[in-house]
Amino acid sequence: MNPIKRINLALQGGGSHGAFTWGVLDALIEDGRLSFEAVSGTSAGAMNAAIVLQGWAKGGPDGARKALADFWTELGTFAVASPIRRTPLDRLQGNWNLDESPTVLWADVIQRTLSPWQRNPLNFDPLRDLLRKHFDEKAVRACSDIKAFVAATNVETGKVRIFKREELSIDALLASACLPNVHDAVVIDGVPYWDGGYRGNPPIWPFIYESETRDVVLVELDPAVRKGVPRSNAEIADRLNEITFGGALMAEMRAIAFVQDLIRQGAITGTFGTRLKMMLIHSINDDASLAPLGAVSKFNIEPDFLEHLFQLGRAAATRWLASTFDSIGVETSIDIAARFL
């Protein structure tokens, strides 16, 4: 019987593509050979992290899986009122990429013309309503089994704010997911916040200082490499966002790789050297399936699409467990330099 191994989970943001992470988490929890010391997340990753903690606090592993399923299933019911959805022809062709949809192109014009406040002066936010139903602040903060770190970006200073488990709230989650061209800044204690992806997608450094576990499993939604030159406005905007949101992660991985080399070479000795630990980095991803989906698909919440992403995530996690489980606690299982540097 395989021993239970302890890991940290780092969950990227990516709108509705977070349903891929839902599938990953569902498979990892169902497998039962891993326990989670801490989880970090940004945007959709933050939502998944919080829902896992809530479900875990109320019903253990099975409770976490059910809480995730309930959250994403209800999100899918909102698709009825969303203009971002597939046409009958898209359905016939099996097309999930909606970047050239006429409705989407019109919505893009409106978004570029009017600010979030002008488009939505009453601040109507279905996601807030969804969280009011599915996010239990007391349960999340009481989940002492798992630490949590959620990133948001301070609009005024540009610095990252990490909300720990004891600070998580609906506003903290909405701040972590606040794209400035889509939503007004979320104000918490007088401070305005935007999407945490600008400074950490997801944050890794809290694991270094506040977790004993060396293993970090990164669940990636953005492809490491996107071949070719983007042509349409949507493709250009999406690639810019991927590069921007990936910058902080690349910087953290560069630092981790540098310290790994120092430790391997025995270059740091004495008291300071004892403060450093060899972080072991792993990645669950499916670039081949996620890269072709297009920027707009991150706003597509059709139930069929969410289920498609969920199944992709489960399959990716199952493959990863088969190929990488033995590396946990032993060695880094990815080439950090090739993937991030």
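Q: How many cavities of 30 Å³ or more does a search of the whole structure find?
A: In this predicted model, a search of the whole structure finds two cavities of 30 Å³ or more. The largest cavity holds about 40 Å³ of space.

Q: What makes a residue one of those that line the largest cavity?
A: A lining residue has an atom within 4 Å of a point of the cavity. The residues that line the largest cavity are H17, L221, D222, P223, R226, D238, E242, L290, G294, A295 and K298.

Q: Why is A10 called buried?
A: The word buried is used for a relative accessible area under 20%, and A10 has a value of 0%, so A10 is buried. This residue lies in strand β1, which covers residues 5-11. Leaving aside its neighbours within four places in sequence, A10 is in contact with S40, P202, I204, F207, V216, V217, L218 and V219.

Q: How far apart are A10 and V219 in sequence and in space?
A: The two residues are 209 residues apart in sequence, while their C-alpha atoms are 6.1 Å apart in space.

Q: Why does E37 count as buried?
A: The relative accessibility of E37 is 7%, and with the limit for buried set at under 20%, E37 therefore counts as buried. E37 is found in strand β2, made up of residues 34-41. Once neighbours within four places in sequence are left aside, the contacts of E37 are R6, I7, N8, D145, I146, K147, E210, S211, E212 and T213.

Q: Why is I301 called buried, with a relative accessible area of 15%?
A: The value of 15% is under the cut-off of 20%, so I301 is buried. I301 lies in the loop between α12 (287-290) and α13 (303-324). Its contacts, leaving aside neighbours within four places in sequence, are S16, L75, G76, F78, A79 and L306. As for L75, the C-alpha atoms of I301 and L75 are 6.9 Å apart in space, although the two are 226 residues apart in sequence.

Q: How do you know that the span of helix α1 agrees with its number of residues?
A: Helix α1 has 14 residues, 18-31, and at 1.5 Å a residue these should span 20 Å; the end C-alpha atoms are 20 Å apart, which means that the two values agree. The expected value is reached because 1.5 Å is multiplied by one less than the number of residues.

Q: What makes α1 mostly covered?
A: Of the 14 residues of α1, 12 are buried. These buried residues are G18, A19, F20, T21, W22, G23, V24, L25, D26, A27, L28 and I29. After α1 comes G32, which has a positive phi near 85°.

Q: How many disulfides are there, and why do C143 and C178 count as buried?
A: A disulfide requires a pair of cysteine sulfur atoms within 2.5 Å, and by this rule the count comes to zero disulfides. C143 counts as buried because its relative accessibility is 3%, and C178 counts as buried because its value is 1%.

Q: What share of the protein chain counts as buried, and of how many residues?
A: Of the 341 residues of the protein chain, 51% count as buried. The accessible surface of the chain comes to about 16000 Å², and 56% of this belongs to carbon and sulfur atoms. The secondary structure of the chain comes to 14 helices and eight strands. Among the contacts in the chain with a separation of 6 or more, 79% are accounted for by residues 24 or more positions apart.

Key:
Residues are numbered from 1 along each chain as its sequence is written. This is a predicted model: local features need pLDDT of at least 70, side-chain atom pairs count only at pLDDT 80 or more; totals for chains, interfaces and linings use all residues. Side-chain values use heavy atoms; hydrogens and water are left out. Buried means under 20% relative accessible area, exposed over 50%, partly exposed in between (1.4 Å probe, protein chains only). Helices (H or I, at least four residues) and strands (E, at least two) are DSSP runs, numbered from the N terminus. Contact means heavy atoms within 4.5 Å. Accessible areas come from the Shrake-Rupley method with a 1.4 Å probe; for residues, only the protein chains shown count as cover. On a 1 Å grid over the protein atoms alone, a cavity is a set of points where a 1.4 Å probe fits but cannot get out, and a pocket is an open set with protein on both sides within 12 Å along at least five of seven lines; lining residues have an atom within 4 Å of a point. Grid points are joined across faces, edges and corners, and a volume is the space filled by probe spheres set on the points.
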